[in-house]
Amino acid sequence: MTQFNFEGIGTKWQIDIYQKLTAKEEAVLLALVKNRIEIFDKNYSRFRADSLITKMSKETGFFSLPSDAEPMLALYYDLYKITNGFFTPLVGNILSDAGYDAKYSLQQKKELKKALPWEEVLEYKYPNLEIKKPAILDFGAGGKGYLVDLVAKEIEASGIFEYCIDAGGDIFHKNKVPIRVGLENPENTKEVVGVYTLQNKSICGSAGHRRAWGDFTHIMNPKTLVSPTDIIAVWVIAETGLLADALATCLFFVPAATLADKYDFEYVLVKKDHSIEKSANFKGEMFVIS
């Protein structure tokens, strides 16, 4: 087995390749994967001065989007409508003003303002995105999961179909043998609150404890301008990392029933009082939290 361990987009990556590779094949594949991550980061990161997102935050007009933008933008817009605006890329200004900015200052800079409606700021018709008003777009709610999907495509394009990608807890697995994934306790990261046996799917989690400052976390309600506290952790299992990652954020703001009619997924969430809510089809095991 080949294992790659490296840092990318501010998180730790571990990629396990279950097929036998030569040293040359390993080097080529790792270079391809890192290049794919760099391309995505340069397009969609609001933390890079040279990114497309940063350029769009300073200008209005029409921008031609990369070829990989369509699935992400389409899902974002669908979820924006389904959640009545709670899931939105226009949360970027709020996060930046609250201190989760390009410099990671973690100091609130100005009074926060509610996110504007999508239609006032954006008009999307692939491959073009019109920016009507300058705005910092943030794709953190689904972007990491989507990048895992894109890395998986890169791996499969190299003729490899048995692998597991773990990008800071956003995991996509493809192999005949399943793996057991521990669900981290957000109140004690040395413990797990459950275990999920994952096979040929993606699991993504969301919790505020790893990016928290003052009264805020990286999960921000675009309407109330506060970070949710009634739910402390969410995990979603779906066919793709993009869907799993995005729905994990949605579940902080809307009931699962709001999403279940359109999307096929499993979920489990832990509330502040340590009670657990899970879908009827959730196949994992949860433990009692003291």
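Which residue in β16 is the bridge partner of G194? Some notes on that and a few other spots, bearing in mind that this is a predicted model.

1. The partner is M286, sitting in β16. That contact belongs to the pairing of β9 (residues 188-198) with β16, which is antiparallel and runs over 2 bridges.

2. Zooming out, β8, β9 and β16 make an open sheet of 3 strands, in the order β8-β9-β16, with antiparallel pairing. The edges are β8 (179-185) and β16 (285-286), each of which pairs on one side only.

3. There's another open sheet of 3 strands, ordered β3-β5-β4 and again antiparallel. Its edge strands are β3 (61-64) and β4 (122-125). On average, neighbouring strands here are turned by 20° against each other, ignoring direction.

4. Have a look at where β4 meets β5 (residues 128-131): the two run antiparallel and are joined by 4 bridges. K125 stands opposite N128 of β5. In the loop between these strands you'll find P127, and the peptide bond from Y126 to P127 is cis, with omega near 10°.

5. Most peptide bonds are trans, and most residues other than glycine have a negative phi. On the phi side, N84 is worth a glance: not a glycine, yet its phi is positive, about 60°. N84 lies in the loop between α3 (69-82) and α4 (92-98), and it counts as exposed because its relative accessible area is 56%, above the 50% cut-off.

6. L106 also has a positive phi, about 55°, without being a glycine. Its place is the loop between α4 and α5 (118-121). With 36% relative accessibility, L106 is partly exposed.

Terms used:
Residues are numbered from 1 along each chain as its sequence is written. This is a predicted model: local features need pLDDT of at least 70, side-chain atom pairs count only at pLDDT 80 or more; totals for chains, interfaces and linings use all residues. Side-chain values use heavy atoms; hydrogens and water are left out. Two strands pair if DSSP finds at least two bridges between them. Axes are lines fitted to C-alpha atoms, for helices over the stretch in contact, and angles run from 0 to 180 degrees between N-to-C directions. Buried means under 20% relative accessible area, exposed over 50%, partly exposed in between (1.4 Å probe, protein chains only).
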